[in-house]
Amino acid sequence: MLSRRPPILAMLRPGSVQDAVYLRALLDTMLPQVQRRTAGLRAEIERGRALEVQALNARTELAATESQMRERRNQLAVLETRQRLTSRQASGIAAREAEHALALAETARDLGDLVDEMGHQGALREQLSALPGPIMRPDRPEDARVIEASRFDAPPEGLASYILPVAGRVVTGFGEVLPGQAPSRGLSLATRAHAQIVAPAPGRVAYAGSYSGFGRIVIIEHDGGWTSLVTGLSQLDVAVGDSIVGGSPLGQTGPGDPRVQVELRHAGVPVNPLQYVRSL
């Protein structure tokens with residue numbers, strides 16, 4: 001009641017001076033007792049008000065945090081959708097290249113024809129990549145001009161480095177003629193069972209799969225019209241379209257006494273790989 005009606009208003013009530021003196025004496029005696037007895041209650045009320053303010057602030061922060069989480073969730077959903085579309089597109093391109101390589105393997109008469117066809121396609125890709133890009137239309141059509149292809153640098157020729165794809169013993173050298181067979185167009189290496197086979201040089205995987213009479217093979221296109229063929233794999237660790245560096249794993253040999261054959265060609269012509277191997 002005192003909080004609703006301040007004591008000073010009681011002094012303004014109509015009455016005699018004696019009543020006002022009595023009321024003043026009563027208030028002077030009662031107010032200290034009221035304040036002492038209600039000190040704990042007033043402290044609880046203040047704590048309750050402070051907690052209410054904290055609750056309102058926490059509710060505001062929670063609402064802001066939930067809004068940020070919803071925004072981030074939407075951003076993650078957009079990124080996930082883009083990633084899924086990109087992955088689907090990349091998988092489709094890789095699948096089409098693998099199917100095209102398998103179709104070439106089925107139509108090729110022998111392994112040499114397959115390597116030649118892969119080399120021809122690699123050279124065609126290099127020629128296309130060397131062509132100039134489109135020129136933006138100028139504001140004034142009469143100022144249009146064409147940039148000649150000769151102004152663009154051609155891809156580098158030659159191999160920066162070359163290594164043998166597997167550690168082993170050379171059992172058939174380049175150009176060696178075996179009874180009843182044509183001259184060897186590469187090297188035949190005897191190695192241990194389940195040996196690791198690596199890429200002899202950086203490039204792009206043009207073919208990776210099975211080929212009749214040679215097990216699983218890998219054809220790699222290098223810069224400058226170079227092509228490598230590696231046969232005798234039992235397990236493949238690469239796929240068509242992969243960009244690889246020299247020494248990256250291609251797969252493994254099988255059990256028993258495996259033979260790995262490596263051929264190097266430049267513009268379709270077989271070349272002795274040993275003349276480019278720096279250390280044997």
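**Entry 1: the sheet.** Which strands make up the open sheet of 3 strands, and in what order? I looked it up in this predicted model, where local features need pLDDT of at least 70, side-chain atom pairs count only at pLDDT 80 or more, and totals for chains, interfaces and linings use all residues. Residues are numbered from 1 along each chain as its sequence is written, and side-chain values use heavy atoms, with hydrogens and water left out.

I found the order β3-β9-β7, with antiparallel pairing. Strands here are DSSP runs of E, at least two residues, numbered from the N terminus, and two of them pair if DSSP finds at least two bridges between them. β3 (196–198) and β7 each have a single partner strand and stand at the edges, so one side of each lacks a neighbour in the sheet. I then checked β3 against β9 (residues 249–252): 3 bridges join them. Isoleucine 197 sits opposite glycine 251 in β9.

**Entry 2: the core.** Ile197 turned up again in the largest nonpolar core, among the residues with the most contacts inside it. That core has 23 residues. (A nonpolar core is a set of buried Ala, Val, Leu, Ile, Met, Phe, Trp, Tyr and Cys residues joined through side-chain atoms within 4.5 Å; buried means under 20% relative accessible area, exposed over 50%, partly exposed in between, with a 1.4 Å probe and protein chains only.)

**Entry 3: serine 234.** I found serine 234 in the loop between β6 (226–233) and β7 (235–236). Serine 234 is partly exposed, at 34% relative accessible area. Beyond neighbours within four places in sequence, serine 234 contacts (heavy atoms within 4.5 Å) Arg216, Gln252, Thr253 and Gly254.

Technical notes
Helix = DSSP H or I, 4+ residues; strand = E, 2+ residues; numbered from the N terminus.
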